[in-house]
Amino acid sequence: MKIQVLLKKTSEWLNGTGPESDLVLSSRIRIARNIKGFRFPGKATSEDKKKILSIVESVVSSSKSSMLKGSLFVHIHELDDVDRQFLVERHLISPELSNASTGSGVIISNKETISIMINEEDHLRIQVLHSGLQLKEVWKTIDELDTELEKTLDFAFSSKFGYLTACPTNLGTGIRASAMLHLPALVYSKQINKVLHATVKLGLAVRGLYGEGSEALGNLFQISNQASLGMNETEIIETLSKVVRQIIMYEKNQRRYLINNNLKEVEDRVWRAYGSLTTARIITSKETIGLLSTLRMGVDLGILESHLRKLVNELLILTQPANLQKNFDRKLNPTERDIERANLIRQKLVRNSKAGKESKEDEK
Amino acid sequence: MEPEEKKLCAICKKKEAVVHYAEILDGVIKKLDLCETCAIEKGIETPTPFSMGDLVGAITERSEETCEQCGMTFDDFRKVGRLGCDLCYETFQESLLSIIEQIHRSTQHKGKIPSRFHEEKKKFTAKKVKCPPEYPVQQTPAAPFSQEDSDAMKLKKIQSLEQDLKSAISAEEFEKAACLRDELKKLKGTL
Ligand SMILES: [Zn+2]
Ligand SMILES: [Zn+2]
């Protein structure tokens, strides 16, 4: 299967670089676009969908834009369950697209920063994903890409409602911008509730990254805009950035407080997490996410070496069920998965044996 | 992780929960599943995801209106919360306005405009297009004719210009159309 090539590399957005990358894992923007005169995917015949898929594919493959060079073209119906889940776990397609039948596809750019979903809820869902807090840069990329595509594609647009989308919630700019934040200190100190309430009051949406509904496993929260009509793209992105900066400040204050007042307690947590991850023989994905979150906080607070950050990011994706199975190139039952997950984590972490700053101190 | 199932509202325990919200109490993350009414009462302004179907059903009237392009009726939309095609927005505009206002607190797009849309619009509205000599903007003639003759000539000219305008529009020659339209306006003004 051709998506195998993705396994060999790490998605660029997991680099752990970019502004505020200790607290902000990634910045993402997606825009919704539809082609004039065709029914939206939910109402389209499979013939229509196939036509749209091939139109978009030919436009992208004939584009001279360097952003799209070397892209991977994938048809969803040709993938098995594990491959579909694999793409969802890597944030390249939505869960909705993973359930699609004939006529749906995705185009994935060389570095996995761009993905163009075709015939999801709208004809096109274009997504750009970068590490750290860089929503402006992400918008610049996606704007350029959109302008490139609209040279040949006639997008459904009205001067009153803007870009016309299947669901009225995406009308106007068609934008959903989001930042994924790691907020362990706010959760630890029970301040998170207040922060999330305030965020929702400001018209933004909050959801946990992992877990059902809004349960936030691994202290990871996704903050995004709700309204897409009535404000322009820059205003939407600036509002979101402002609120995200504010939340970052709260989290940093809380971390400082923890270091000043509860250092031993925090160190204990971090080293216990490290101990569990490097010695466990069976581990669930839920437990893994929680421990990785603690490890990440250890890196941020200078308890663990900073080169571990990229590894923690990688493990967050690699230890999920489908990525794990792709790595083994066969289906694993849940118990086998928990064993192989523990093996993988030990391998990766032990290779980076010089994990801590404190261990040197202890040798003195 | 347990599978998602239909849940009842955690507060009134009567209506179906459509608003899902996380609250952290004593370090434990508690999931709150509420119905629309209880969520609003609790001051949670419907965070994501809320059900479009519910919202639409609550604030719009039933209607058999049908979209010509995709065959969707407004009642279909009330059930599924998704429109069928771009033309639906024109067909159901009246009924959609209140929903759009409710979601976005606005009903007017502000932001990016596709360049081809932009250009078409510019071609149509451009006031100072330089018209080529074969479509000169008629000056009031320095009349070697009587008033009657001149009016008859103008009418004839108007007729032929209107013909040209029609074919210019259907050929999408918008610049030419704009010139012809300006000329027509001026001519009609002198009658
Ligand atoms: Zn209720
Ligand atoms: Zn329609």
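**Reading the model**

Modeller: Along its sequence, chain B runs β-β-α-α-α-α-α-α-α-α. This is a predicted model, where local features need pLDDT of at least 70, side-chain atom pairs count only at pLDDT 80 or more, and totals for chains, interfaces and linings use all residues. Residues are numbered from 1 along each chain as its sequence is written, chains are lettered from A and ligands numbered from 1 in the order in which they are written, and side-chain values use heavy atoms, with hydrogens and water left out.

Biologist: How many helices and strands does chain B have?

Modeller: Helices (H or I, at least four residues) and strands (E, at least two) are DSSP runs, numbered from the N terminus. For chain B the count is eight helices and two strands.

Biologist: What percentage of the residues of chain B count as buried?

Modeller: Buried means under 20% relative accessible area, exposed over 50%, and partly exposed in between (1.4 Å probe, protein chains only). Chain B has 191 residues. The buried share is 34%.

Biologist: Which residues are the protein donors of the zinc ion (ligand 2)?

Modeller: Donors are N, O and S atoms within 2.8 Å of the metal (3.2 Å for Na, K and Ca); water is not among the atoms, so sites may look incomplete. Here the donor atoms are SG atoms, lying 2.3 Å from the zinc ion. Their spacing along the chain is C-x2-C-x14-C-x2-C. The donors are Cys67(B), Cys70(B), Cys85(B) and Cys88(B).

Biologist: What is the arrangement of the four donor atoms around the zinc ion (ligand 2)?

Modeller: Four donors count as tetrahedral if all angles lie between 85 and 135 degrees; four count as square planar and six as octahedral if opposite donors are over 155 degrees apart and all others between 65 and 115; anything else is irregular. Ideal angles at a metal are 109.5 degrees for four tetrahedral donors. The angles at this zinc ion are 97 to 124°, so the arrangement is tetrahedral.

Biologist: How many residues apart in sequence are the parts that Cys67(B) and Cys88(B) tie together?

Modeller: Both cysteines are buried. Cys67(B) lies in the loop between helix H2 (52–59) and helix H3 (74–80) of chain B. Cys88(B) lies in helix H4 (residues 88–91) of chain B, so the pair ties together parts with a sequence separation of 21 residues.

Biologist: How many disulfides are there over all chains?

Modeller: A disulfide is a covalent bond between the sulfur atoms of two cysteines. The rule used here asks for a pair of cysteine sulfur atoms within 2.5 Å. Over all chains, the count is zero.

Biologist: Which element supplies the largest share of the lining of the second largest cavity?

Modeller: On a 1 Å grid over the protein atoms alone, a cavity is a set of points where a 1.4 Å probe fits but cannot get out, and lining residues have an atom within 4 Å of a point. The lining residues here are Ser26(A), Arg28(A), His91(A), Leu129(A), Ser178(A), Ala179(A), Met180(A) and Gln222(A). The largest share, three residues, comes from S8(A).

Biologist: Is His91(A) buried or exposed?

Modeller: His91(A) sits in the loop between helix H3 (81–89) and helix H4 (95–98) of chain A. Its phi is near 65°, a positive value in a residue other than glycine. With a relative accessible area of 8%, His91(A) is buried.

Biologist: What is the relative accessible area of Glu20(A)?

Modeller: Glu20(A) lies in the loop between helix H1 (4–7) and S1 of chain A. Phi of Glu20(A) is near 55°, again positive in a residue other than glycine. Glu20(A) is partly exposed, because its relative accessible area is 26%.

Biologist: How far apart are the C-alpha atoms of Ser21(A) and Leu181(A)?

Modeller: Ser21(A) is in the loop between H1 and S1 of chain A. Ser21(A) counts as buried, at 10% relative accessibility. Ser21(A) and Leu181(A) are 160 residues apart along the chain, and their C-alpha atoms are separated by 9.2 Å.

Notes: On a 1 Å grid over the protein atoms alone, a cavity is a set of points where a 1.4 Å probe fits but cannot get out, and a pocket is an open set with protein on both sides within 12 Å along at least five of seven lines; lining residues have an atom within 4 Å of a point.
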